[in-house]
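Subject: Structure handover

Hello,

Here is the structure you were expecting. My notes on it follow below.

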Amino acid sequence: MITVHDLTKRFGSKLAVDHLGFEVRPGAVTGFLGPNGSGKSTSMRCMLELDRPETGSTLFDGKPYHTLRRPLHEVGALLDAGYVHPGRSGRNHLRWLAASNGIPKSRVDQVLELVGLTAVGGARVRSYSLGMRQRLGLASVLLGDPHTIILDEPANGLDPEGIRWIRDVLTHLASQGRTVLVSSHQLSEMALMATDLVVIGQGRLIEQSTVADFVDRYAERWVRVQSPTVGALQAPLAALGAQIETVDATTLHVRGVDCPQVGELAAAQQLVLHELSRQTGSLEDAFLKATAASQEYRSGGGAQ
Amino acid sequence: MMNLLRAEWIKLRTVTMNWVLGSIALAFPLVVTLLTAAFTNNDDGNGGLDTEGLISVLTGTTVVSALLCGVIAAASITSEFGFGTIRPSFAATPRRSRVIAAKGIVVVAATTVLAAVVQVVGWYAGGALAESQDAIIDLGDVPTGMATMVGAVVLTALMSLAGYGLGLITRSTPVAVSVLIVWPLIAEGLVGALLSLVFSSDSIARWMPFQAGIRLAVVDLFDDGPSRFTSGVYFGAVSLVLVVFGGWLVNRRDA
């Protein structure tokens, strides 16, 4: 369990994290979402006491990070896959990390194998691709077999196979009862991986809930109706107060009414329906709606 | 603490640049000393190499090694900030002062051993070569000989400590290395000369920290400056202050 309480971090006049508080429960992958510059990475650094917050604290199973004697056994964190000396081999990078927490050398080879880097463990990190560095970063996270895992954009630079692999790894770790907090910009990936969400904007908590509740609350819902005589439905639907969007000659998207109402209406009119389905917006739609007021950096306009 | 010392030792020995600089720091004084010993002719009546000359060459060239060791020590911490590895370091050991202490101990110990090897090899190999040229090499001939060679080792240790402190303060390899080179070789000379002019006393310049430190490795100290021991303690104190201040800054700042 991670408990973040009243975290505030300021860089000069810029308030990066603003009295942020949330909890991450064990046994689930929790997505940490927010627009660019919303304070996700800063929050993670503050949680690990790498940045000094003005106020607030973070507890890992009730203990502040600095009180952990061998933190790698309790919290595994990957904040940036680039935090590696390029002239050092991947194996040596893991060796010094392992040595600092009294982890045996044999574990280094185990985690290298786990992430598929055994063959290149002796090569210098400068020869690694971004995806290989991400795998090395994940190996460092797994070194101490920790029960809490914090990852900042772990899928960056990974190919589709790598993204699926990291998703499988994280969901497997969560299924073992571990606490997993992952930030990512890949919302479709997050929708597949996370069960809980912490959404922040401009350093403040916007929402903490399950993914399903979040989508339910913020994403748009509508009814898709497909019929060869769809035009005959428009007037009765309008009379019910529905907003109607004509997609094509046979398809309508209807808002403001639910499937049973549309079905009953069609039956009353003796109309044939080819499709009647409830549609819900994606996590991406929900995220954009929830963080619309908190977007610090947005594009100037649509493509010309 | 043993775990941290082991981790820092792995870090130090797995970066090629440290081996390159260390090799130069090892080879430079030895090559110069051995060449001097081998090619100084004692039969031409021009006063060939004697014990004092051998020690002077050995310890004098060790000053350059000491500067290189200071660079290694500075880079050992600045590279961590440069490549961001300081974050996993502090995430793995949240009590930063322990990381700072372990790294300092490892790098100072490594450079001290290097300097000791230079003195031992330089003295015995250089002495053997000089004697093959009919020189008479006897440590008893120079009362300050042993103190000078030990002083050269201490100077290397303290120069590493100073470099490490500068690295902690600046967190930048170019800045730390520039200061480490410019300060002792140029800035102290200028500031010392200026102060000597202002106060009409040459002895003030000898209290410039690095100049005082270098006195550890000088055979003859026939002037009114501080003694070898006092110079060493003074330079050691300055180096320690740099490390303590740097450590305090690192503890206070974001990683």
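A definition first: axes are lines fitted to C-alpha atoms, for helices over the stretch in contact, and angles run from 0 to 180 degrees between N-to-C directions. Contact between two residues requires their C-beta atoms, placed from the backbone, to lie within 7 Å. Helices (H or I, at least four residues) and strands (E, at least two) are DSSP runs, numbered from the N terminus.

This is a predicted model, in which local features need pLDDT of at least 70 and side-chain atom pairs count only at pLDDT 80 or more, while totals for chains, interfaces and linings use all residues. Residues are numbered from 1 along each chain as its sequence is written, and chains are lettered from A and ligands numbered from 1 in the order in which they are written.

Sheet and hairpin

Helix 9 (residues 259-268) of chain A lies across strand 11, strand 13 and strand 14 of chain A, and runs at about 160° to strand 14 of chain A. An open antiparallel sheet of 4 strands in chain A has the order 12-13-11-14; two strands pair if DSSP finds at least two bridges between them. Its edge strands, each pairing on one side only, are strand 12 (243-248) and strand 14 (275-280) of chain A. From one strand to the next the twist averages 25°. Strand 11 (residues 221-226) and strand 13 (residues 251-255) of chain A are joined by 4 bridges, and Q226(A) has T251(A) as its bridge partner.

Elsewhere in chain A, 7 bridges join strand 1 (residues 2-11) to the antiparallel strand 2 (residues 14-24). F11(A) is the bridge partner of K14(A). This hairpin has 2 residues between the strands, and G12(A) takes a positive phi near 65°.

Helix 3 of chain A

V108(A), V111(A) and L112(A) are buried in helix 3 (residues 105-114) of chain A, where buried means that 20 or more other C-beta atoms lie within 10 Å of the residue's own. Seen down the helix axis, the buried residues of helix 3 of chain A fall within an arc of 105° (taken from the directions from the axis to the C-beta atoms), so they line one face. They pack against helix 2 (90-100) and helix 4 (130-142) of chain A. After helix 3 of chain A comes G116(A), with a positive phi near 80°.

Cores

A nonpolar core is a set of buried Ala, Val, Leu, Ile, Met, Phe, Trp, Tyr and Cys residues joined through C-beta atoms within 7 Å. The largest has 152 residues, and A139(A), L143(A), A74(B) and L155(B) have the most contacts inside it. Helix 3 (residues 51-83) of chain B gives the most to this core, with 15 residues.

Regards

Definitions and conventions:
A residue is buried if 20 or more other C-beta atoms lie within 10 Å of its own, exposed if 12 or fewer, and partly exposed in between; C-beta atoms are placed from the backbone.
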